[in-house]
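Below is a brisk report on one model.

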Amino acid sequence: MPRRQQGDSKIWQRRSRNRQLAIWFGQFVGVAIFVYCWQLVSENTIWMFVADAPRQAVDMMERMVPPKWSYMNSLWRPVWDTITIATLGTLMAVVLAFPIAFLAARNTTPSSAFARPIALFIIVASRSINSLLWALMLVTILGPGVFAGVLAIGFRSIGFCAKLLYEAIEEIDETQVEAVTATGASGAQILKYGIVPQILPAFAGISVFRWDINIRESAILGLVGAGGIGLQLSSSIDTVTWTEVSVILLVILATVVVSEWVSAKVRHAII
Amino acid sequence: MSAPRTWKRPPFIERPLLRWGLITGSTLFLAISIGTMEVNWERVAAGVPRAERFIGSFFPPDFTSKSTDIWEGIIESLWMTVVSTVIGILLSIPVGLGAARNLSPRFIYLISRGILAVSRTFPEIIIALFAVKLFGFGPFAGIIALSIGSIGFYGKLLAEDIEDMDPVQAEAVKATGASWFQWLNYSVQPQVMPRMIGLAMYRFDINFRESAVLGIVGAGGIGATLLTSFDRYEFSSSASILLIIIGIVMVVEYSSGYIRKWVQ
Amino acid sequence: MLRLQNLTKQYKTGDLALKSIDLEVPDGQVMALIGPSGAGKSTLIRCVNRLVEPTTGSVRLNESEISSLSQYQLRKARRRMGMIFQEYALVERLSVMENVLSGRLGYVSFWPSYFRKFPQNDIDEAFRLLERVGLDRMADKRADELSGGQRQRVGICRALIQDPELLLIDEPTASLDPKTSRQIMRLICELCKERKLSAIINIHDVLLAQMFAERIVGLQLGEIVYDGPPGNLTAEVLTTIYGEEDWEATIEKVDDEESDTVPTSAVRAK
């Protein structure tokens, strides 16, 4: 109890002694872990390089200016590819995430012993593996190109979309579903009239949100050969042509800004 | 007798011009996208046996042959995550405070929002590319990249949470004559804390997953080992690394749910 | 004593919320401020402790000129004015005790307050106040676990622990049911009498104002249109303040089982 009697006066503390001790202990452990990890950082870092970094940075900046605007001409196709990868990938993910979400949600899953754990595992597996890793795998198997990129984005995004979607499904208003069931509707009709309308706004919002994030992720898939503007970035850095690199960065910046604007507008319109 | 009234469900988008415009536009876009996507079907066909081999190597996965490399890489990814999450969150607190419209003067607000926008535009791996050029190969570059990414992510959400807080609770504390820091500690912090702790765990999760990838550009973590295993088609090692990553993410997710409940 | 002179507040949109208000509140007086929405009641109260900055005019609390204080001095001045809010304005996730002690933040420096190490005197006073309002068993409950009336009582303790010279009370009963409203108003008036505090109570319930305040000031469109004892509040006066209405229905006999302190003036006005 945060309150004690000590002689005549009543003492008040914010937390009881045990809880306070537990909190201090937790903080101590946290700090210890951090200090230990920081030591590992120090061991593994050549501090000389770090100290040299500002000079390197200035040097790099100087070489990046002025941007080689003529390079833009060879960038239009990669930008288009990047947008294609993001859009088709998100589309694929959203289509697949829909059924998986229903299998994963506690209130709509057909079997909570079998289908649900599998769906949950698919979700975790899909989102634990960065889209770049997926791209790596797919390029090794299917060869480089935009197709691998689309699949990579798709596989990664299934987990994200399905997770948010099944959380939305679990939060629906059951009385609405009850009402539709009471009319004698079949399972599919209950889905269509009772559940889907409730999650549609969330569904659309999640899809657009993921699309926005995917634009950013698609831009880098080229680093492992899966198409998009990452390819140019990789080659420009390898050939140390900094003026091209700055153009690419600006193009990525512009694409991200535009896609964020579009995404915000669409989500605003949906609400 | 007049004709019977029919009812048709109103379309989702009312204005016909907008509706048809969107439908034709998106169909056109999809057609062109799919059309320009060059798929080398022969290559895909050739890849099927490789795919089978890959999937096959998950049952069972090989944890032993490259175990030292793998464990070293995973541990490195883990401590990279810890350090960058802590540093990132600590640095994002002042930036987040500055980026809250109800808290700071316009000048500071604009600068803070600018910092957040810059940190968020580029994926961490691009930042890592540059960090490697500046700081040399190794996990330090990765930590820089992840910290910057964390600042952008966490700072923006912190600013939004502060902007959503109940102004009357804040006004009441101010009316007692509290100093600015006391005011933060007694009215802003209690309102914002629960959600921000959950978000900190989420960012930890994201940072770990990113740290597994930064090694591809030389910024430390398990990424480099993973890249090598794919390049050499040593799928059994790849499978084991992937499974470990999935496992750690599951543990983090589970404990984050537990901690979030405890904070409530 | 609080003296307002020529107090004016004009918003950026050009709206004049307060027009040259002149008002004096002597020590120990409980004054009710009535008027329709938008009359400027909340603005007036907030101009006193400068939660809203007055455009021109002077606010004088005893010897200090509040309107010209620096930020640092203003904090010190705010300690002398206890404020009670309409929606209780407790920090919901903090406990009752922490909310009451937050009234002492103006007296305690940052680090002790961060670690919640308040002086023993403050803690004793907090317990004493909670007992006085009947909430000492609830000291460790979280504020959002309390009912409306309980929360308002915590708000009162928070204001009183500042040991203020003046209470600024903004619609204390707006969110409360009729019985709780009367209990709260009664509590406020008793406490003011015990501690010889002056109070400005912003209230929309004219009946409550008449029952409990010694003096009523009516505000309309930023100007004072009535200033006098509750007994003189006739239907004509109310029409001036609020507009045409069936005022007889408002000024009716009170049927309150607990209280036999109904001012006779309220009954006579029927």
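Which residues touch the most other members of the largest nonpolar core?

## Basis

This is a predicted model: local features need pLDDT of at least 70, side-chain atom pairs count only at pLDDT 80 or more, and totals for chains, interfaces and linings use all residues. Residues are numbered from 1 along each chain as its sequence is written, while chains are lettered from A and ligands numbered from 1 in the order in which they are written.

## Core

A:Ala135, A:Leu138, B:Ala128 and B:Ala131 touch the most other members of the largest nonpolar core, which has 204 residues. A nonpolar core is a set of buried Ala, Val, Leu, Ile, Met, Phe, Trp, Tyr and Cys residues joined through C-beta atoms within 7 Å. Buried means 20 or more other C-beta atoms within 10 Å of a residue's own, placed from the backbone. Helix α6 (residues 146-170) of chain A gives the most to this core: 15 residues.

## Helix α6 of chain A

Helices are DSSP runs of H or I, at least four residues, numbered from the N terminus. Of the 25 residues of α6(A), 21 are buried, so the rest of the structure largely encloses this helix. A kink of about 30° is centred on A:Ser157; the bend is the angle between axes fitted to the seven residues ending there and the seven starting there.

## Chain contacts

Contact means C-beta atoms, placed from the backbone, within 7 Å. Chain B puts 44 residues in contact with 44 residues of chain A.

Methods. A residue is buried if 20 or more other C-beta atoms lie within 10 Å of its own, exposed if 12 or fewer, and partly exposed in between; C-beta atoms are placed from the backbone. Helices (H or I, at least four residues) and strands (E, at least two) are DSSP runs, numbered from the N terminus. Two residues are in contact if their C-beta atoms, placed from the backbone, lie within 7 Å.
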